[in-house]
Amino acid sequence: MDWLYIYKALPDLMRGLGMTLMVSGVAIVLSLLIGIIGAGLRTSGIKAVEMCVAGYVEFIRGTPYLVQIFFIFYGLPSIGMKLSIFWSGALALTIWASAFHIESFRAGLASVGQGVRDASASLSLKRWQHGWFIVFPLALRAALPSVMNTVVATVKNSAYLQAIGLVELTFVAVDRIAYEFRTVEMFASICVIYLICVFILSGLGHRLERRLNRPFAGR
């Protein structure tokens with residue numbers, strides 16, 4: 001293990017990490033929004049809408065992620081929808097993660113029992129007040145572990161985007177290996193960097209989970 005080589009490679013790895021965090025951040029925000037909206041539609045009671053959302057979820061979860069990336073990057077231009085490498089990657093990550101977020105939030109909504117709805121009705125809360133102030137916080141609390149798992153997986157899955165030429169962390173490592181043959185140093189380095197990112201995200205998720213569980217402590 002050549003530690004000096006790793007030290008000299010750090011600037012390039014950090015630039016790759018910046019791209020990884022950027023594309024992952026965009027995908028995380030967009031997929032969470034789609035997940036919340038999709039979960040609402042999935043439980044709307046409108047059969048046609050529910051079937052469409054369910055079909056979307058099953059299609060995305062049932063097909064390989066790499067195939068989805070290639071379809072977006074290579075397939076969409078053939079029908080006039082050409083995207084940059086960055087936005088192709090961000091779209092692929094968003095589509096993949098949103099399917100899992102929809103199911104996580106749907107399960108969270110399903111965990112809110114009828115008793116909560118009856119209590120809201122007895123307080124004469126309007127429907128939007130019941131949804132925003134009662135149902136959503138409870139559903140988020142129940143769905144958070146699964147949601148954070150998908151958020152972490154989104155960051156890790158960004159490594160697949162090196163297949164379409166996005167200069168993210170894994171791309172930088174593979175590129176340097178191709179020219180300098182420092183396989184152990186490069187893969188060990190990016191493993192540590194990914195682990196640090198995952199530990200930070202997991203820590204933030206656990207902190208938020210404790211914050212949401214605080215009102216229920218001792219019950």
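Contact, as the word is used here, means heavy atoms within 4.5 Å. The structure is a predicted model, in which local features need pLDDT of at least 70 and side-chain atom pairs count only at pLDDT 80 or more, while totals for chains, interfaces and linings use all residues. Residues are numbered from 1 along each chain as its sequence is written, and side-chain values use heavy atoms, with hydrogens and water left out.

The predictor's confidence in each residue is given by pLDDT, on a scale from 0 to 100. For the protein chain the average is 85, and 86% of the residues score at least 70. Helices are DSSP runs of H or I with at least four residues, strands are runs of E with at least two, and both are numbered from the N terminus. Among the elements of the chain, helix α3 (residues 65-75) has the highest mean pLDDT, 92, whereas helix α5 (residues 114-122) has the lowest, 61. Where pLDDT is low, the predicted coordinates should not be read in detail.

Leaving aside neighbours within four places in sequence, Leu161 is in contact with Val23, Tyr65, Ile69, Gly89, Leu93 and Leu166. A nonpolar core is a set of buried Ala, Val, Leu, Ile, Met, Phe, Trp, Tyr and Cys residues joined through side-chain atoms within 4.5 Å; buried means under 20% relative accessible area, exposed over 50%, and partly exposed in between, with a 1.4 Å probe and protein chains only. The largest such core has 17 residues, of which Val23, Tyr65, Ile69, Leu93 and Leu161 touch the most other members. Helices α1 (3-42), α3 and α4 (85-110) each supply at least two residues of this core, and α4 gives the most, with six. Apart from this core lies another, of 14 residues, among them Val172, Ala173, Ile193 and Cys197. In soluble globular proteins, nonpolar side chains tend to be buried together.

Charged pairs form a further part of the picture. A salt bridge is a side-chain nitrogen of Lys or Arg within 4 Å of a carboxyl oxygen of Asp or Glu, and the whole structure holds seven of them. Asp12 takes part in a salt bridge with Arg15 at 2.1 Å, N to O. Because Arg15 and Asp12 are three residues apart in helix α1, about one helical turn separates them. Arg15 is exposed, with a relative accessible area of 55%, whereas Asp12 is partly exposed at 26%.

Asp12 also meets Arg176 in a salt bridge, at 2.5 Å, N to O. This pair links distant parts of the chain, with Arg176 in helix α7 (residues 169-180) and Asp12 in helix α1, 164 residues apart. Arg176 is buried, at 14% relative accessibility. Apart from neighbours within four places in sequence, Arg176 is in contact with Tyr5, Ala9, Asp12, Phe181 and Met186. Salt bridges join Asp12, Arg15, Arg176 and Glu180 in a network. Another bridge pairs Glu185 with Arg182 at 3.7 Å, N to O; Glu185 is buried, with 8% relative accessible area, and Arg182 is partly exposed at 31%.

On the surface, Val29, Leu30, Leu33, Ile34, Leu83 and Trp87 form a nonpolar patch with about 530 Å² of accessible area together. Patches are made of residues with over 30% relative accessible area and no salt bridge, like charges being joined within 9 Å and nonpolar side chains (Val, Leu, Ile, Met, Phe, Trp, Tyr) within 5 Å. Accessible areas come from the Shrake-Rupley method with a 1.4 Å probe; for residues, only the protein chains shown count as cover. Helix α1 supplies the largest share of the patch, four residues.
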